[in-house]
Amino acid sequence: MTLNETLLLKYLQGECNETENSLISQWLDQSEENRKLLFNLELTLQRPQKKAFEKQEFILGAQQRLLARIDDHENRLKRDTAAQRARKRRINWLYTAAAVAVITAGIFLLDTMTEPSRIVVKASDIDPIQEVILPDGSKVWLNRGGTLTYSENFGKSDRELHLDGEAYFNVAHNEALPFVVSSPVLHTTALGTQFNMHSYGDKDLAHVSLIEGTVEVKGMNGEGQIVLSPSQRAELDMSSRRMTVKTVNTKLDAVWHNNLIPFTDASIYDIAKTLEQLYNVSFLFDDDLNIPGSYAGAIQQKDGIEDVLGSLMNSIPFAYSINGNTVRITNK
């Protein structure tokens, strides 16, 4: 049995239900490696910005917090002999792990004298889209409710970020330092490119849409590895654990970041197809419709389809009528 990092963090924050708590208990019983991973995550989650002499107290405190969480769950279980033996194994291991961590604090993962601090950017659910300019000059637009985490040394020794949510990336080119975005389920690597990444830990579908350049996408749990070209979207279905690639208008996946609907060499029919996807409407065209030529540019995304059509009429000669969710296009 494998568990993703999101569920483990949820457990450490005391937010799991009884079913999830039972899964964690079974997972801990499987191996010492699992118990070590959970203990290290507890230390990471509670990492303070402290001096070296405070390290011992901090590590012991992390151990006690983790034991308290296990106790809280175990007290609700039947006290059969097998459960007691499993619990005892976990507790004995945690005490040993804490002691080793204290002794080896100078080289431990959480050596705060050498490890750079983490910068966390969180977008609220109601504020406007948050634009972030990274130290290397790359730009990120973080969608509402998303969280972006990276090291204060970003752009010096690496360009690695962690995303939970959705973000649009305009990556500064740097062949020496690939731009890496990880999430609970996806891992994306780029050099200089523009792409949209949608990966929420609690959603059934995660995807990466490439607008420009090249990116490599792979599943964090061995679901596959794909190199995308522009206008391709990699989708990871969390229920089937399958990764697929689709050819789509990937620019539409990123409309949210600037509210602009882009068109390049598009006919009235191409534009209508795009608006159908964004506004959940259907277009009908008169048989004698005569609107030649193609159009390029961008129009502002509006709350309603009528506002968008009104803007289009400033540059394209047509008339329209709306009946329910059907838009009829006629000659002007």
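In the predicted model, helix H7 (residues 305-312) has Ile 305, Val 308, Leu 309 and Leu 312 as its buried residues, where buried means under 20% relative accessible area, exposed over 50% and partly exposed in between (1.4 Å probe, protein chains only). Helices (H or I, at least four residues) and strands (E, at least two) are DSSP runs, numbered from the N terminus. Viewed down the axis of H7, the buried residues fall within an arc of 100°, so they line one face of the helix; the arc is that of the directions from the helix axis to the C-beta atoms. An α-helix has 3.6 residues a turn, so residues three or four places apart point the same way. The buried residues of H7 pack against helix H6 (268-279) and against the strands S15 (282-285), S16 (295-300), S17 (319-323) and S18 (326-330), contact being defined as heavy atoms within 4.5 Å.

Residues are numbered from 1 along each chain as its sequence is written. Because the model is predicted, local features need pLDDT of at least 70 and side-chain atom pairs count only at pLDDT 80 or more, while totals for chains, interfaces and linings use all residues, and side-chain values use heavy atoms, with hydrogens and water left out.

An open sheet of 3 strands has the order S15-S18-S17, with mixed pairing; two strands pair if DSSP finds at least two bridges between them. S15 and S17 are the edge strands, each pairing on one side only. On average, neighbouring strands of this sheet are turned by 25° against each other, direction ignored. Axes are lines fitted to C-alpha atoms, for helices over the stretch in contact, and angles run from 0 to 180 degrees between N-to-C directions. S17 and S18 pair in the antiparallel sense over 5 bridges, and Tyr 320 has Ile 329 as its bridge partner in S18. H7 lies across S15, S17 and S18 and runs at about 170° to S17.

The largest nonpolar core has 32 residues, and Phe 169, Phe 179, Leu 186 and Phe 195 are those with the most contacts inside it. A nonpolar core is a set of buried Ala, Val, Leu, Ile, Met, Phe, Trp, Tyr and Cys residues joined through side-chain atoms within 4.5 Å. Strand S5 (residues 159-170) gives the most to this core, with 4 residues. Apart from this core lies another, of 23 residues, among them Ile 291, Leu 309, Ile 316 and Val 327. Leaving aside neighbours within four places in sequence, the contacts of Leu 186 include Val 181, Met 197, Val 208, Val 217, Leu 236 and Met 243.

Strand S6 (residues 179-182) is covered on both faces: Phe 179 and Val 181 on one side, and Val 180 and Ser 182 on the other, are all buried. In a regular strand the side chains alternate between the two faces of the sheet. S6 pairs with S5 in the parallel sense over 4 bridges, and the bridge partner of Leu 161 in S6 is Val 181. The pairing of S6 and S7 is antiparallel, over 4 bridges, and a hairpin of 3 residues joins these strands. The bridge partner of Phe 179 in S7 is Ala 190.

Ala 190 is in strand S7 (residues 186-190) and counts as buried at 3% relative accessibility. The C-alpha atoms of Ala 190 and Val 215 are separated by 4.7 Å, although the residues are 25 apart along the chain. Not counting residues up to four places away in sequence, Ala 190 touches Arg 159, Pro 178, Phe 179, Phe 195, Thr 214 and Val 215.

Ser 199, in strand S8 (residues 194-199), is buried with a relative accessible area of 0%. The side chains of Ser 199 and Ser 183 are joined by a polar contact of 2.6 Å. A polar contact is a pair of N or O atoms within 3.5 Å; within protein, one must be able to donate a hydrogen and the other to accept it, and residues adjacent in sequence count only if both atoms are side-chain atoms. Asp 253, in the loop between S13 and strand S14 (260-266), also counts as buried, at 18% relative accessibility. The side chain of Asp 253 makes a polar contact of 2.5 Å with that of Ser 209.

Most residues other than glycine have a negative phi. Ser 231, which is not a glycine, has a positive phi of about 75°; its place is the loop between strand S11 (225-228) and strand S12 (232-237).
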